[in-house]
Amino acid sequence: MQVNNEFTKLIASNLNFFYGSKQVLKNISLSFNKKEITALIGPSGCGKSTFLRTLNRMNDLIEGARLEGSIKFGDEEINHQHCDVVELRRRIGMVFQRPTPFAKSIFENVVYGLKVSGVRNKSLLMDKAEESLRRAALWDEVKDRLKDSALSLSGGQQQRLCIARALAVEPEVLLMDEPASALDPIATEKLEQGMEELKKDLCIIIVTHNMQQAMRISDNTAFFYMGELIEHGPTKQIFSNATKVKTRQYVSGSFG
Ligand SMILES: Nc1ncnc2c1ncn2[C@@H]1O[C@H](COP(=O)(O)OP(=O)(O)OP(=O)(O)O)[C@@H](O)[C@H]1O
């Protein structure tokens, strides 16, 4: 498999998104860089997850869903019919709200994407599994039980396993949809520490309801409200000196 470590910027421009006749994203323009974590925040139903899913075409299968606008990943328009969606999702990986391990061993979970893409060399698979588990901050906890079922892991470990599985295919961007919402504080802390390391070579975009978490981990924050992008900027500024009244009210907990 050819591995591309060069991150090409991800730029969404003038996005409108509809579920049937209901418009849930209104003229959203946002861009993302390597080595940065962007937090998407806003009250429930404002369109954060829908926006996140447009970035690797996870909304494709929803009947009646329609997207207008452009999402460029490097030179490629990802909504173009010729875009290779399997390759796109390798380059832009995703981790969901609840851990989604397969009913296979820990090892088989991590190397799943590599095997699907044709990698058979056992020592290469082992090296990749170790590297990915280390990057997901899980290696020390599972190195002696790689053949055990992934389902025997705790929720927090399963979530880090899913991150390792996403990392094994060398993505350039990692989309995370409330990845800590089912985790306890200790598991959340481990996940966050892992993200600090990961952003050294990745672009991470995370949906979170947890304002403290957004402040702790993100470089940039985008505030969504009723399908609109109200404000986007450095996290410190959004939380201490936002330009828009609505943003100030939301981050101070006045509503949401
Ligand atoms: N598959 C779907 N079909 C129809 N409407 C949907 C679908 N998924 C989401 N919606 C609607 O689109 C709007 C935006 O939902 P979305 O999940 O993107 O918001 P969110 O900000 O991520 O919310 P939350 O924080 O509660 O997860 C909501 O009104 C939601 O009900």
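The model is predicted: local features need pLDDT of at least 70 and side-chain atom pairs pLDDT 80 or more, while totals for chains, interfaces and linings use all residues. Residues are numbered from 1 along each chain as its sequence is written.

Strand β1 (residues 10–19) pairs antiparallel with strand β2 (residues 22–32) over 7 bridges, pairing requiring at least two DSSP bridges between strands. Ile11 lies opposite Ser31 in β2. The two strands form a hairpin with 2 residues between them, and Gly20 in the turn has a positive phi of about 60 degrees. β1 is also joined to strand β4 (residues 65–73) by 8 bridges in the antiparallel sense, with Phe18 bridged to Arg66 in β4.

The largest nonpolar core contains 67 residues, and Leu40, Ala164, Leu175, Ile204 and Ile205 have the most contacts inside it. Helix α6 (residues 155–168) contributes the largest share of this core, 7 residues. Such a core is a set of buried Ala, Val, Leu, Ile, Met, Phe, Trp, Tyr and Cys residues joined through C-beta atoms within 7 Å, buried meaning that 20 or more other C-beta atoms lie within 10 Å of the residue's own, with C-beta atoms placed from the backbone.

Definitions and conventions
A residue is buried if 20 or more other C-beta atoms lie within 10 Å of its own, exposed if 12 or fewer, and partly exposed in between; C-beta atoms are placed from the backbone. Helices (H or I, at least four residues) and strands (E, at least two) are DSSP runs, numbered from the N terminus.
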